[in-house]
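Student: I have not read a model like this before. Please take me through some of its features.

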Amino acid sequence: MATGCTKDLLEEIKRDVGNCNNSLDLVFILDSSGSVEATSFNNMKHFVAEIVSNFMIQANSTRVGVIQFSDTPKIEIVLGFIDSINILKTAINNIVYIGSQTNVVAALNLVPTVLINARANEGIPSVVILLTDQTSEPTVKAAIALHEQEIQIYAIGFGNSINETQLQNTASDPNYAFITDFTNFDSSTNKLRPLWQTVCTTPAKTEINEILQTKIGKDQATNLLFDFPLEGFTVSIQIFDGELVVYGSFIIQGPTSLTADFTSNSTNKIEIFVSPELFNQSTTREHSVFVSIVGQRNYNIFFVNTTAGDTRVIIGGGSSVHPLSIWTMSFITCFVMFSSEIINIFPVSKSG
């Protein structure tokens with residue numbers, strides 16, 4: 001679990017991570033209870049306001065919502081209501097400190113309401129960043145209910161009342177839990193940098209046979225997470241406009257050309273069979289596959305479908321027929337007919 005939070009860190013985050021072009025539905029939950037104290041709460045707001053400036057705040061990119069809580073939770077910023085970064089930062093800094101009791105559970109229970117219009121069907125992850133000075137077993141229970149809804153939770157704890165085990169169990173992954181200090185922004189450390197690098201590449205948990213329809217801009221990514229079935233699975237992407245590169249990893253979320261175990265690219269259709277043999281070559285003991293789909297043109301529209309096993313079907317001339325074609329045919333007719341071909345998987349040489 002990492003520690004630290006400084007003004008210098010904010011600058012380092014901007015230099016090292018830069019702007020996050022990936023789309024998220026991002027909800028911050030701010031602890032405004034009396035134990036936090038007004039000074040720490042103001043520092044917390046400043047920290048959040050600076051962090052959101054690293055994201056592309058737009059209706060079709062990252063949308064931000066904010067919940068403040070003390071004895072009762074309150075939606076301070078409706079998800080996606082503000083699409084200007086300057087107005088968003090001002091709204092965050094204008095949140096008024098409450099200073100009463102602490103009710104983290106009530107705040108977590110409000111999250112599904114805030115995310116009622118989340119874009120999970122577009123492969124856009126729902127992400128919650130909880131900042132609090134208290135944890136409890138009821139908090140963990142409320143968080144697990146959100147985990148089961150495929151909502152990714154990052155938990156940032158501060159103060160002397162934090163139970164590290166409970167904080168880790170509140171987070172969707174132990175690596176998503178952090179300890180920091182909002183009483184002094186001038187303390188010298190950079191341990192929180194991994195948090196923001198990870199948030200940017202948070203994947204949307206996706207089920208086999210789930211169909212996604214989405215669009216992304218140039219250098220934007222749709223990051224997905226699959227549970228690997230024993231028979232492997234086929235990733236099929238029908239591209240209606242644009243060009244895509246797909247990177248896959250069994251270890252690292254948001255894989256790139258440097259960290260991918262497999263990759264492919266096309267301007268019309270991509271079919272990749274992630275085989276058990278390929279999976280067994282990895283060093284991971286987990287049964288997860290991270291896939292990053294990156295747009296290469298200004299406008300990229302596509303469908304994603306996954307099926308268990310190798311469902312690629314080769315017909316004469318090397319072209320392919322796939323179940324994807326059935327449910328996309330009416331849509332394709334409205335645009336332009338694409339020729340289909342299976343794209344070869346090119347192993348990636350890793351550096352470092």
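Student: Is L167 buried or exposed?

Tutor: Buried means under 20% relative accessible area, exposed means over 50%, and partly exposed lies in between, with a 1.4 Å probe and protein chains only. L167 has 1% relative accessibility, so L167 counts as buried. L167 is found in helix α6, residues 164-170. Helices here are DSSP runs of H or I with at least four residues, strands are runs of E with at least two, and both are numbered from the N terminus. The C-alpha atoms of L167 and Y154 are separated by 9.3 Å, and the two residues are 13 apart along the chain.

Student: What should I know about where these values come from?

Tutor: This is a predicted model, in which local features need pLDDT of at least 70 and side-chain atom pairs count only at pLDDT 80 or more, while totals for chains, interfaces and linings use all residues. Residues are numbered from 1 along each chain as its sequence is written, and side-chain values use heavy atoms, with hydrogens and water left out.

Student: How many helices and strands does the protein have?

Tutor: The protein has 9 helices and 17 strands. Of its 352 residues, 54% are buried. For contacts, the rule is heavy atoms within 4.5 Å. Among contacts with a separation of 6 or more, 79% join residues 24 or more positions apart.

Student: Where is I179, and is I179 buried or exposed?

Tutor: I179 sits in strand β6, residues 177-180. Its relative accessible area is 18%, so I179 is buried. G159 is 20 residues away from I179 along the chain, and their C-alpha atoms are separated by 8.7 Å.

Student: How do I read the packing of two helices?

Tutor: Axes are lines fitted to C-alpha atoms, for helices over the stretch in contact, and angles run from 0 to 180 degrees between N-to-C directions. Angles under 35 degrees count as roughly parallel, over 145 as roughly antiparallel, 65 to 115 as roughly perpendicular, and the rest as oblique. The axes of α4 (residues 104-114) and α5 (residues 137-147) come within 9 Å and cross at roughly 10°. Therefore α4 is roughly parallel to α5. On the α4 side the contact involves V104, V105, L108, N109, V111 and P112, which meet P138, T139, A142, A143 and L146 of α5.

Student: Which classes of residue make up that contact?

Tutor: Ala, Val, Leu, Ile, Met, Phe, Trp, Tyr, Cys and Pro count as nonpolar, Asp, Glu, Lys and Arg as charged, and the others, Gly among them, as polar. The contact of α4 with α5 has 9 nonpolar, 2 polar and no charged residues.

Student: Which residues of α4 are buried?

Tutor: An α-helix has 3.6 residues a turn, so residues three or four places apart point the same way. In α4 the buried residues are V104, A106, A107, L108, L110, V111 and V114. They pack against elements including β1, β2 (63-69), β3 (73-77) and α5.

Student: How do α2 and α3 pack?

Tutor: Helix α2 (residues 38-52) and helix α3 (residues 85-93) pack at an angle of about 170°, with axes 9 Å apart. This angle is why α2 is roughly antiparallel to α3. Residues in the contact include K45, H46 and V48 of α2, and I85, L88 and K89 of α3. By class, this contact has 6 nonpolar, 2 polar and 3 charged residues.

Student: What is the phi of E37, and where does E37 lie?

Tutor: Most residues other than glycine have a negative phi. Phi of E37 is near 75°, a positive value in a residue other than glycine. E37 lies in the loop between β1 (25-31) and α2. With a relative accessible area of 53%, E37 is exposed.

Student: Where is D219, and what is its phi?

Tutor: D219 is in the loop between β8 (211-216) and β9. Its phi is positive, about 70°, although D219 is not a glycine. At 45% relative accessibility, D219 counts as partly exposed.
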